[in-house]
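Please open the model in your viewer and keep the selection tool at hand. The stops below say what to select next and what can be found there.

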Amino acid sequence: MLTVLEVIQKTTDFFTARGVESARLNAELLVGHALGLKRMALYLQFERVLSETELEAIRPLVRRRGQREPLQYILGEVEFCGLRLKVDRRALIPRPETEYLVELLTARLTKPPASILDLGTGSGALALAFARHYPDSQVTGVDLQSPALALAGENAGLNGMPDRLTWLISDWFSALPTDARYDLIVANPPYLTEEETTAAAPEVRLFEPISALASSDAGMADIKVILTQASRHLNPDGLIGLETGIAQHAELLAWGERAGLTAWESCPDLTGRDRYVFARRAG
């Protein structure tokens, strides 16, 4: 017979032995999820003895996390810019760095953009965040992977926006009409190098889609494609914002000046590392 606290302690020890970061927090969140309890409610039931049925609900979740499957995939959801998003192996897990990209871009827009394009939308996180922030904007999300687009559509429905966005299978701009123009283009494209991917944590390397993580040319091949083609799909004075690798900015800024864009800007993330690149099409 095990109490809630004893199960959490045993799970914490198991996770620690398996190299899981924040082992105690992970244990509490998984046990709470299995029991249908928020963390505060879980604390109030530490001395309660769990039934075998409840233990059977907890065990497979603990096993999955011990195999280093991401916590977010096991819980099945994540919060992003005030939205609750469904997440699974069809797309990358939205991260705080990408939330900060939304904050930086909205601060740089002097008026609501009439049209927004999210390249490589994945779970739809960026497209939905901007659709929520700018309720009158027309938002399009594109992705090369149809399962990812299906997930994005599910998230639009979960957040009450099933008809407000357009989803399109496209290899970056390739499937867009040649005359399609946007006031804002945003992307979190693949930017890890092969070496960075190999060295990544098992949660990333073994479970998240590699095609959405890594790119050739020192991680910059997809970024360069986007920057090369962006000017023809931006309205005059339109803004593009990209999340990039932290060692890529010097080359990208030097290279990107030839891409028909102006007002180039490199911006650090909350840890002070170069993370974002912004540019505009000349007005």
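Select Cys81 to begin: this residue is partly exposed, with a relative accessible area of 22%, where partly exposed lies between buried, under 20% relative accessible area, and exposed, over 50%, using a 1.4 Å probe and protein chains only. This is a predicted model, in which local features need pLDDT of at least 70 and side-chain atom pairs count only at pLDDT 80 or more, while totals for chains, interfaces and linings use all residues. Residues are numbered from 1 along each chain as its sequence is written, and side-chain values use heavy atoms, with hydrogens and water left out.

Cys267 itself counts as buried, at 9% relative accessibility.

Next, select residues 4–17, which form helix 1, together with residues 23–35, which form helix 2; helices (H or I, at least four residues) and strands (E, at least two) are DSSP runs, numbered from the N terminus. The two pack at an angle of about 130 degrees, with their axes 8 Å apart, the axes being lines fitted to C-alpha atoms, for helices over the stretch in contact, and angles running from 0 to 180 degrees between N-to-C directions. Helix 1 is therefore oblique to helix 2, a word for angles that are not under 35 degrees (roughly parallel), over 145 (roughly antiparallel) or 65 to 115 (roughly perpendicular). Among the residues of helix 1 that meet helix 2 are Val4, Ile8 and Phe15, and those on the helix 2 side include Ala27, Val31 and Leu35, with contact meaning heavy atoms within 4.5 Å.

Move on to Thr121, in the loop between strand 3 (115–119) and helix 7 (125–133). Thr121 is buried, with a relative accessible area of 6%, and, leaving aside neighbours within four places in sequence, its contacts include Ala127, Asp143 and Trp167.

From there, select helix 7, where seven of the nine residues are buried, so that this helix is largely enclosed by the rest of the structure; Leu126, Leu128 and Phe130 are among them.

Finish at helix 12 (residues 221–230), where the buried residues include Asp222, Lys224 and Leu227. The buried residues of helix 12 pack against several elements, including strand 3, strand 7 (234–243) and helix 13 (249–256).
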